[in-house]
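Please look over the sequence and the model shown here. The briefing after them begins with one residue and its contacts, then takes up the rest by topic.

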Amino acid sequence: MHTPEIPEILIKGKDKAEQLIGPQVIHVVFHPLDFTWQTIKAFRANQGLLLAGALAYNALLSIVPLLILIVLSLSHFIPEPELLQTAGEYLEWLVPGQSKALIAELANFLQHRAVVSWVLLASMIFFSSLVFSGLENAMSVIFEHRIVYRPRHALLSFALPYLCMASLAVGLLLITVAASALNSLGDQSVHILHRTLSLERVSGALLYLLGVAGELGILTAIYIVMPVGRLSKKHALLGGISATILWEITRHLLVWYFTTVSQATVVYGSLTTAILAMLSLEFAAVLVLFGAQVISEYEKLGVQTNPLVQQA
């Protein structure tokens, strides 16, 4: 029995594991609480809650004009009722319980589209871009270590919000087409063993999965595009999955709170829609930025655990 050999075996096993899956993963697996606490401290040091508040405010300013521009652009290809229905269904994921009021305002504007002037159109484009500019600025604070080595060109920063707006328009177009096909599937039925089974539940489940996939795709794209420099797609996907799971839990809790506990209508009156939408956007912004902070700390951990970088 040679007990002194046990530590050496463990060390060799750990070294071999680091070679297979990387030292960052080993550190997080063996020290999850340390990594979590380090991420929380970094998020607080970066004033993450303050950044999330500013981002939620910009999102509240951007959400209606952005929807107007997207629906006006896509109405040349898809009927407005279908666009409004799809936008309302998936807007509920972002601002639970308040999508009907926002879609009603959007529909009211579209009925008076003749009054849209070039000045109004330019102002809507400007306000629609605020949320993306704010998100890029927030990411620059969280990923400050990247900017030191790889600053982003000013022209690209200027064009990035408008590229994001165009991407959202394309995404809504694809989701509307897919949702229309799935809704038509719900009207169908199948005959099995002399029984007729409706596909309505199947259609509903597929619509929900479509929404989750869209949410995951948007979050992953945010983590890839918004930070300066190139981010590993694997890291972005992991961040997107984590943020999606956390937001789904938070979203259902918000729906429960708004429908059973909240007395916001008594306190805020006509401002209820704006206040509750702001609260939902605040939670969403916190989760998005905290996911970015996790990725940032994971990257810094890779630098700390890389002996070549440490020697340099």
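Leu135 touches Leu55, Ile222, Met226, Val288 and Leu289, with residues up to four places away in sequence not counted; contact means heavy atoms within 4.5 Å. This is a predicted model, in which local features need pLDDT of at least 70 and side-chain atom pairs count only at pLDDT 80 or more, while totals for chains, interfaces and linings use all residues. Residues are numbered from 1 along each chain as its sequence is written, and side-chain values use heavy atoms, with hydrogens and water left out.

**Nonpolar cores**

- Leu135 is among the residues that touch the most other members of the largest nonpolar core, together with Leu106, Met139, Tyr223, Met226 and Leu289; this core has 53 residues.
- A nonpolar core is a set of buried Ala, Val, Leu, Ile, Met, Phe, Trp, Tyr and Cys residues joined through side-chain atoms within 4.5 Å.
- Buried means under 20% relative accessible area, exposed over 50%, and partly exposed in between (1.4 Å probe, protein chains only).
- Another core lies apart from it and has seven residues, including Leu254, Phe258, Ala264 and Leu276.

**Chain totals**

- The chain has 14 helices and two strands, taken as DSSP runs (helices H or I, at least four residues; strands E, at least two) numbered from the N terminus.
- Of the 312 residues in the chain, 37% are buried.
- Among contacts with a separation of 6 or more, 77% are between residues 24 or more positions apart.
- The chain exposes about 18,700 Å², of which carbon and sulfur atoms supply 69%; accessible areas come from the Shrake-Rupley method with a 1.4 Å probe, and for residues only the protein chains shown count as cover.

**Helix H11**

- H11 has 29 residues and reaches 40 Å from its first C-alpha to its last, close to the 42 Å expected at 1.5 Å a residue; the expected span is 1.5 Å times one less than the number of residues.
- Its buried residues include His235, Gly239, Thr244, Trp247 and Thr250.
- Arg251 forms a salt bridge with Glu248, and their closest N and O atoms are 2.8 Å apart.
- A salt bridge is a side-chain nitrogen of Lys or Arg within 4 Å of a carboxyl oxygen of Asp or Glu; the count by this rule is one.
- Because Arg251 and Glu248 are three residues apart in H11, about one helical turn separates them.
- Arg251 counts as buried at 8% relative accessibility, and Glu248 is buried at 9%.
- Leu237, in H11 (residues 233-261), counts as partly exposed at 40% relative accessibility.

**Other residues**

- Gln293 is found in helix H13 and counts as buried because its relative accessibility is 0%.
- Leaving aside neighbours within four places in sequence, Gln293 is in contact with Thr39, Ala42, Phe43, Asn46 and Ile142.
- Gln47 lies in the loop between helix H3 (32-45) and H4.
- Phi of Gln47 is near 55 degrees, a positive value in a residue other than glycine.
- At 46% relative accessibility, Gln47 counts as partly exposed.
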